Each structure stands twice: as C-alpha cells, then as structure tokens.
Amino acid sequence: MKNIKKKMLKYRTPILFVLPAVIFFTVFKIFPILNLFWLSVHQVGRDVGEFVGMQNYIRLFSDEVFWLALKNTTIIVILVVIFGTVFGYFAALLLTEDFKGQKLFRTLFFIPVVTTVSIIAVVWKMMYYPGESGMLNSLLSYLNIPAQQWLADPDIALYALIVPLIWRIIGYNMMIFIAALKGLDQNQLEAARVEGANWWQKLIYIIIPSTKYAINMVLILAVLRTYKVFVPAYVMTSGDPQHRTETIATWIYKQSFRYWDMSYGAALAVVLFLIIMFITVMQKKFQSQ
Amino acid sequence: MAKKLTSIIFFVLVFFFLSTSVMAQTTIEIWHRGDMAYNEAYTQIGERFNEKNPEIEVNFVLYPQLEDKLITAGMSDSLPDAWILDNVTTGKWVTNDFVRSVNRDQFSDQIMDVAWKTAQAGDGKYYAIPWSVQGMAMYYRKDWLDNLGLEFPENWEQLINVTQKFTNADPDQDGEDNTYGIGLYGASTRGYGYWTLQNFLWQAGGSLIKNTGNGKFISNLDTDATVRALEFLHDLVYKYEVVPPGVSAAQSTEVYSSFQNGLVGMVFHANYKNSAYTNALGRENVGAAIMPAGSAGSFGLGEGENIYINSNTEKYDEIIKLAQFMTTTDIQKFGMQITPSNPVRLSVRKDIDIAKVTNNPLDKPFQEAFLNNKIKYPENIPDYYPIKIIAAELMQEVFLAEEAPNYEQLIEEYDQKINEELENQGVLAE
C-alpha cells in the first residue's frame with residue numbers, strides 16, 4: 001500500500017495529465033459497453049427487469065435476419081476494405097506526383113470525406129432512381145443496357161449500396177497514404193532508378209514495404225468503421241429488399257427502437273463489439289508477424 | 001441596528017416567497033414531432049391556452065425522431081408530462097405502462113367514436129385523447145382525366161382501365177411515353193408496403209388479423225380476399241404495367257414525388273400534401289376522391305395523432321384541461337388552418353365542416369370517408385408495428401416476383417408469421 005502511495009506521488013504529474021482522458025474514456029466508453037452487456041441479460045422495458053441470462057444470445061442463433069445481416073456486413077467490409085485501400089493507394093501515388101491541378105484533384109477526392117454521410121446517401125439514392133430517367137439508368141441507355149432497379153433488385157441492391165461506401169472512403173485512405181508517401185526515402189528510390197528498376201519494381205520492393213504501417217492502419221480503421229455501417233444503409237435502403245441490404249447496425253437499431261426490444265438489441269450490439277474486437281486483435285497479430 | 005437589519009431581511013424574504021407563490025405557474029412539457037413549422041403552430045396553441053389559463057404554461061418541444069426519444073426517456077425516467085404521437089402506438093405505451101388512462105366523459109361528445117377507438121386498449125379503457133385524424137383517399141390528375149375523356153374510377157375494374165389509359169394514352173399530351181397510372185408503396189422499411197396491402201385487402205373484404213373477442217386475435221390472411229387483393233396488385237405491376245419501376249422499394253417520398261412530378265396519375269395517402277400538389281400541378285389539375293371500391297367496398301386506412309399522458313406526471317389535471325382546450329371547436333379549426341404546417345389534418349370533431357374551414361375542396365373527400373365509415377383502423381393489439389412489417393414484407397415479396405407467385409403458399413407462410421407474433425404478444429386466440 002505504502003509502495004503504491006509512493007509510486008503515485010512519484011508519478012503524480014503524468015497521472016494528473018492522463019486522468020481526464022481515463023475518466024472520459026471510462027464514463028463514455030467502458031461504462032456503456034458494460035451497461036450494454038448488463039442490458040442484454042435482463043428484460044428491458046420502462047425499467048430494467050428480471051434477469052434472463054443468455055436467452056437473447058441463444059435467440060440470436062435462430063434469428064435468420066441476424067445471420068443475413070452478418071453476411072451482408074461481412075461482404076460490405078471485404079469489398080470496401082479491398083477496393084477502398086487499393087483505389088486510395090493508387091490515388092495517393094498519382095497525387096504525390098507533381099502536375100498541374102494536383103491540389104484540385106486532391107480536394108475533389110477528399111470532398112466526400114467531409115460531406116455529411118446522410119447527404120451522400122440521399123444523393124446516391126437519387127442517382128439510383130429506378131426509372132429510365134434516373135441518372136445512372138440514363139447513362140446505361142446510351143450503352144443500350146436496360147434500366148436497372150438498383151436498390152430494389154435483391155441481386156444488386158447490396159452492391160449498389162457498397163459503391164458509395166467505397167467512393168467515400170477512397171479520399172480518407174488517400175490522405176493517409178499521401179502522408180506516408182511523403183516520408184519515403186528519396187535516396188533509396190533514386191538508387192533503384194540508377195540500378196534500372198522500373199516503376200512497378202519500385203512500387204513492389206520499395207514503396208509498399210516502406211508504407212506498410214500506413215497500410216496496416218488504413219486496414220484496421222476501414223474494418224472498424226465499415227463493420228458499424230449504419231447511416232448510408234439506413235437512409236438508402238433500410239435493409240430492403242427482403243433484408244438483402246440489412247447490416248448488423250441497422251438490425252440493432254430496428255430491434256431496439258422499432259420492435260422496442262432493447263434487451264435483444266443490446267445482445268446484438270455486444271456480438272458486434274466482440275466481432276470487431278476479434279478481427280482487430282487477429283489483424284494486429286497477423287500484421288505484427 | 002442588528003435587530004433592525006434582521007427584521008428587514010425577514011420581511012424581504014416573506015415578501016419574496018409570497019410573491020413567487022402567487023405568481024407561480026405550472027409548466028406542462030409536451031413533446032411532439034414534425035419540424036419547426038409544427039413547433040411554431042403548437043406554440044401558438046400553447047399561448048392561446050395560456051391566455052385563458054394564466055396559471056398554466058405549456059412548453060411544446062420538438063423531437064423529429066420522437067418515438068426513439070420517448071423510448072430512451074422512458075428508460076431513464078425522463079419522460080415529458082405528455083406527448084403527441086401516432087395513434088397506432090397506443091398499445092405500445094399501454095403495455096409498457098408509459099401512459100395513464102383518461103375518462104372519455106370529461107371531453108366533448110362531438111369527438112368521433114372512430115377517433116376514440118384509436119385511444120382504447122384491450123382492457124376497454126381509453127389511454128389518450130384524440131387530437132387529429134387522417135384517412136387515406138386517392139389523389140388524381142383531373143386534367144389527365146379530362147384530356148382522355150375519362151371519369152374517376154369507382155371500382156377496381158375501372159381503376160385498371162383508367163390507369164392503363166394514364167400509362168399508354170399520353171394523358172399529359174406532351175407526345176412522350178413518360179407517364180404511369182398509379183404509384184404504389186412496396187418498401188418493407190417502416191411498413192410502407194403495409195399501406196398498399198391494408199387498403200386493398202379491406203376493399204377485397206379481408207383483413208390482416210381478426211378480433212375473436214376477450215382481447216384475443218388471430219391471423220385472417222388465409223382467405224380468398226387476400227388472394228384477390230394480392231393478385232390484383234401484382235397484376236397492376238406486371239400484367240397491366242401501370243406502376244413505375246422500383247415499386248418493391250418505393251417509400252412515401254418516392255411515391256409522393258412521382259405524383260408531384262407528373263410521373264403518375266394517382267396516389268393514395270392522407271390529406272397532408274394538398275398545398276404541395278396544388279402548387280406543383282395547379283389547383284385545377286388535382287382532385288381527390290374516396291378510394292375505388294373492391295368487391296367489399298371502398299375502404300381506406302385511418303391514421304392520426306393522440307395526446308398521451310405520462311403515467312408518472314403530477315400535472316394530470318392540467319394536461320386534461322389542455323386536452324379539453326385542444327379539442328374545442330375553435331382550436332381544432334385553428335389547428336387545421338395554421339400554415340405552412342397544420343398539426344390538425346382533419347378535426348376529430350364531427351361538428352366541423354372541414355372543407356369550409358380549410359377552404360380547400362380537396363379536403364372534402366377525406367372527411368366524407370370518415371363520416372361515411374369508409375375509414376378503418378387496425379385492431380388494438382399491444383404492438384401493431386411487427387404486424388405492419390410482416391404485411392409490408394408480404395407485399396414486397398409479391399412485388400418482387402415477376403411471375404405470379406404461389407399465393408396460397410405465400411399466404412400460409414405469412415399467416416403463420418402473424419400468428420407467431422400475436423403469440424409473442426400474448427393475444428393469440430386458441
């Protein structure tokens with residue numbers, strides 16, 4: 001006890017600096033997560049009622065919509081992470097080159113990141129208008145391709161939802177990659193050039209390995225953000241048609257606030273938290289190897 | 001000196017407490033949804049009430065996502081004294097003990113029975129005060145009918161004929177093939193497809209659920225009427241091709257705008273788009289009428305808003321006083337006339353001629369539908385929302401099937417889903 005007190009006194013200043021952040025994190029992050037678990041094992045109405053144990057977690061196994069939402073969300077994450085990272089990286093490679101209009105293009109790529117998500121969702125929904133007069137369908141008509149019911153067709157609705165998500169994340173990833181590319185060792189690149197390495201060889205053997213920390217960070221952030229995707233999915237399709245675009249987050253919202261089953265909604269949220277945590281840990285482990 | 005000072009402080013304190021107690025006002029907090037225009041309208045009503053009842057102040061607070069807010073407020077014991085919300089939510093509040101019952105005899109006998117029914121729970125008590133009602137009727141393009149020499153359809157057969165002409169005979173006379181007959185709701189989101197199914201199902205003589213008495217219910221989907229309604233709606237989309245593409249994802253905004261932009265010649269919903277439609281299309285070009293009749297008649301879905309009183313409020317009497325005031329002829333008329341957003345769509349009172357108050361003939365058919373019992377409300381089960389979603393999913397599945405689906409099989413599947421939901425809510429009849 002005396003030892004702890006002594007250490008506390010010794011590290012008083014750093015502790016005082018860290019304390020506000022610790023309090024904030026505990027109150028606004030740790031406590032809600034614990035509370036979520038507490039709610040998920042109780043019957044919740046106007047008050048937190050009787051203890052129901054793992055009932056909600058067992059129910060989850062027979063909830064077909066949850067499994068469909070999990071599958072949809074995973075497809076969204078995979079496609080958004082892959083295409084968002086690849087396109088973001090190539091956009092960064094292009095926009096670190098010196099050319100006229102470089103800043104304009106950087107701004108254009110970054111605009112979706114600073115635009116409100118719900119507005120982006122509404123605009124894309126308008127572009128996907130299913131009639132022949134819809135913006136995308138008008139373009140298709142020039143190519144003699146019949147009009148598509150982008151958000152109403154169960155076979156393409158999910159992919160139609162994914163496109164704006166990729167489009168939006170490219171600018172964000174691009175900025176991180178530009179910062180990493182700026183830090184490249186120019187001497188190394190120059191030496192490679194003198195040795196006769198072409199652009200592709202420089203990319204594979206020097207640029208990508210030198211920016212792997214940025215790639216790792218982008219991958220982790222993209223997975224974290226995309227697994228929780230809610231606003232675009234809710235505004236554009238709300239799970240339609242027939243839950244083919246349902247995501248875990250929209251299903252949590254519907255269960256909690258539409259079906260008013262807070263307890264089950266909390267169980268779903270706990271599962272989402274565990275999925276994200278597991279993937280993040282695995283990702284970090286894999287990347288550190 | 002000290003004694004003198006003490007006496008002065010004493011008198012000042014006595015005066016302060018006396019004056020505050022004399023001037024004290026009770027403040028009622030009422031939450032409502034909508035936008036700032038609605039909030040301004042409600043605030044005006046609150047000010048009028050306060051003029052007549054200076055001891056009671058009313059604070060109307062706007063929450064666009066009111067239902068979500070109420071649920072979280074209920075869990076944290078921070079509900080307002082009262083709130084104004086869709087009457088279809090009555091069962092939800094009663095089941096979760098959010099609201100206190102009211103004595104119907106304390107209110108005007110001119111309030112329509114059908115409006116009171118929306119405030120009634122399974123135990124026969126009333127748990128809200130009707131504030132505004134609205135029922136669905138059909139908006140149509142008068143100019144398109146005139147251009148083609150047609151009359152508004154009175155039944156389903158005529159509806160097919162008129163919608164086909166609207167789709168194929170260039171009703172807007174612009175020389176282009178750019179119109180459709182009717183806009184239908186097909187999204188399962190928030191139960192939009194339910195609007196379509198419920199209206200046509202009643203017109204065909206069916207219903208989603210049946211009240212078997214003693215607070216028990218059973219699914220009523222497995223009937224010929226359901227097949228008739230589903231077949232008719234599927235035919236409108238795929239056989240007659242009179243509905244714009246994307247019907248299976250169509251929500252209210254798409255359907256409203258398809259009418260407002262001149263894409264379709266008919267849409268059905270309550271009377272809340274009069275000014276938008278007449279401004280966009282011209283007052284003389286827009287008409288409204290009671291829904292075309294199916295084999296069982298012409299019925300439309302009823303909706304509306306009630307005033308719910310928090311079961312824990314200490315200001316119950318004051319809220320009753322306010323609700324009495326809000327259901328007087330004057331305030332009901334005032335509520336319909338406020339622009340740009342009128343919180344009273346149609347008065348809950350039967351002694352008000354709505355078209356005269358709003359000076360808009362478009363409102364007339366909507367009121368007639370109520371007065372002629374053409375408006376029906378869903379059954380009072382504890383929570384109607386899941387039933388709405390099941391119905392909307394059925395509707396969407398039919399709209400997604402290009403080839404006519406196996407209706408019997410589909411109905412059996414959804415009939416079972418409804419019964420499972422009724423069982424979950426503890427109201428399934430044996």
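This is a short walk through a predicted model with two chains, A and B, taken from the overall build of chain B to the contact between the chains.

Before I start, the model is predicted, so local features are described only where pLDDT is at least 70 and side-chain atom pairs count only at pLDDT 80 or more, while totals for chains, interfaces and linings use all residues. Residues are numbered from 1 along each chain as its sequence is written, and chains are lettered from A, with ligands numbered from 1, in the order in which they are written.

Let me begin with chain B as a whole. Its secondary structure comes to 17 helices and 11 strands, where helices (H or I, at least four residues) and strands (E, at least two) are DSSP runs numbered from the N terminus. The C-alpha trace of chain B spans about 100 × 55 × 35 Å along its principal axes. Of its 430 residues, 49% count as buried; a residue is buried if 20 or more other C-beta atoms lie within 10 Å of its own, exposed if 12 or fewer, and partly exposed in between, with C-beta atoms placed from the backbone. Among contacts in chain B between residues at least 6 apart in sequence, 74% join residues at least 24 apart, and two residues are in contact if their C-beta atoms, placed from the backbone, lie within 7 Å.

Next, the domains of chain B. The assignment gives domain 1 (27–134 + 303–376) and domain 2 (137–301 + 379–424), and such bounds come from an automatic or database domain assignment. The centres of the two domains, taken over C-alpha atoms, are separated by 28 Å. Where the domains touch, 22 residues of domain 1 are in contact with 20 residues of domain 2. On the domain 1 side, helix 4 (90–95), helix 15 (364–371) and strand 11 (375–376) of chain B each supply at least two residues. That side divides into 8 nonpolar, 7 polar and 7 charged residues, counting Ala, Val, Leu, Ile, Met, Phe, Trp, Tyr, Cys and Pro as nonpolar, Asp, Glu, Lys and Arg as charged, and the others, Gly among them, as polar.

In helix 12 (residues 316–326), the buried residues are E318(B), I319(B), L322(B), A323(B) and M326(B). They lie on the same side of helix 12 of chain B, because they cover an arc of only 140° around the axis, the arc being that of the directions from the helix axis to the C-beta atoms.

Further along, L422(B) belongs to helix 17 (residues 407–424) of chain B. Is L422(B) buried or exposed? L422(B) is buried, because 22 other C-beta atoms lie within 10 Å. Leaving aside neighbours within four places in sequence, L422(B) is in contact with residues including I209(B), F217(B), I381(B) and L428(B).

D77(B) sits in the loop between helix 3 and strand 3 (82–86) of chain B, and with 9 C-beta neighbours inside 10 Å it counts as exposed. N214(B) sits in the loop between strand 6 (209–213) and strand 7 (216–219) of chain B, and N214(B) is exposed, with 8 other C-beta atoms within 10 Å.

Turning to chain A, UniProt, in an unreviewed entry, lists "domain: ABC transmembrane type-1" at residues 70–283; its positions are given in the numbering used here, feature names are shortened, and annotations may be inferred rather than shown by experiment. Over residues 70–283 of chain A the chain is 75% helix and 0% strand, with end C-alpha atoms 19 Å apart. The unreviewed entry also places the feature "transmembrane region" at several spans of chain A, among them 107–127 and 156–181. Residues 107–127 of chain A are 90% helix and 0% strand, with end C-alpha atoms 22 Å apart, while residues 156–181 of chain A are 96% helix and 0% strand, with end C-alpha atoms 36 Å apart. Chain A also has a cis peptide bond, joining D240(A) and P241(A), with omega about -10°, and P241(A) is found in the loop between helix 12 (231–236) and helix 13 (248–258) of chain A.

Finally, the two chains together. How many residues does the contact take from each chain? The contact takes 22 residues from chain B and 18 residues from chain A. On the chain B side, the elements that give two or more residues are helix 3 (66–75) and helix 16 (385–400), and the largest share, 6 residues, comes from helix 16 of chain B. The side of chain B that touches chain A divides into 10 nonpolar, 7 polar and 5 charged residues.
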